[in-house]
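Trainee: Could you take me through one part of this model in close detail, and then show me how it sits in the rest of the chain? I would enjoy a connected account.

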Amino acid sequence: MAVQGKKIALYALVVFALYVIITDPAKAAGYVQIGFEGISSAAKAIGHFMTWLADGAK
């Protein structure tokens, strides 16, 4: 039963994403850019943390 709910949620998300892309491509591009900026910031933060650990946590 839970698998069925997950499939429905995934399909709804895909349909919504396609709707946004088709109706307003500029807004969709903005959302993608925000997502990649978030991923980039997280990767930089992890890099800084690992560097801090490698330097002896000073």
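Mentor: Gladly, and let us begin with length. The 30 residues of α2 should span 44 Å at 1.5 Å a residue, and the end C-alpha atoms of α2 are 43 Å apart, which agrees. Keep in mind as we go that this is a predicted model.

Helix α2 covers residues 25-54, and within it F49 and W52 are 3 residues apart, so about one helical turn separates them. These two residues form an aromatic pair, with 5.8 Å from centre to centre and 35 degrees between the planes. The pair is classed as tilted, because stacked planes would have to be under 30 degrees apart and edge-to-face planes over 60. The count of aromatic pairs comes to 1, so F49 with W52 is that pair.

How covered are the two partners? F49 has a relative accessibility of 43% and counts as partly exposed. W52, with a relative accessible area of 38%, is partly exposed as well. Both values fall in the class between the limits of 20% for buried and 50% for exposed. Just after α2 comes G56, which takes a positive phi of about 90 degrees.

The protein chain has 2 helices and 0 strands. Helix α1 takes in residues 2-23, which makes 22 residues. From its first C-alpha to its last, α1 reaches 31 Å, close to the 32 Å expected at 1.5 Å a residue. Helix α1 is hardly covered, with 1 buried residue among its 22.

F16 and I34 are 18 residues apart along the chain, and their C-alpha atoms are separated by 18 Å. For T23 and T51, 28 residues apart in sequence, the C-alpha to C-alpha distance is 44 Å.

Finally, step back to the whole chain. Its C-alpha atoms fill a box of roughly 50 × 35 × 10 Å along the principal axes. The radius of gyration is 18 Å, whereas a compact globule of 58 residues would have one near 10 Å. Of those 58 residues, 3% count as buried. The accessible surface comes to about 5,200 Å², and 75% of it belongs to carbon and sulfur atoms.

Note on methods. Residues are numbered from 1 along each chain as its sequence is written. This is a predicted model: local features need pLDDT of at least 70, side-chain atom pairs count only at pLDDT 80 or more; totals for chains, interfaces and linings use all residues. Side-chain values use heavy atoms; hydrogens and water are left out. Rings of Phe, Tyr and Trp (its six-membered ring) pair if their centres lie within 6.5 Å; planes under 30 degrees apart count as stacked, over 60 as edge-to-face and the rest as tilted. Helices (H or I, at least four residues) and strands (E, at least two) are DSSP runs, numbered from the N terminus. Buried means under 20% relative accessible area, exposed over 50%, partly exposed in between (1.4 Å probe, protein chains only). The radius of gyration is taken over C-alpha atoms; the globule rule is 2.2 Å times the number of residues to the power 0.38. Accessible areas come from the Shrake-Rupley method with a 1.4 Å probe; for residues, only the protein chains shown count as cover. The expected span of a helix is 1.5 Å times one less than its number of residues.
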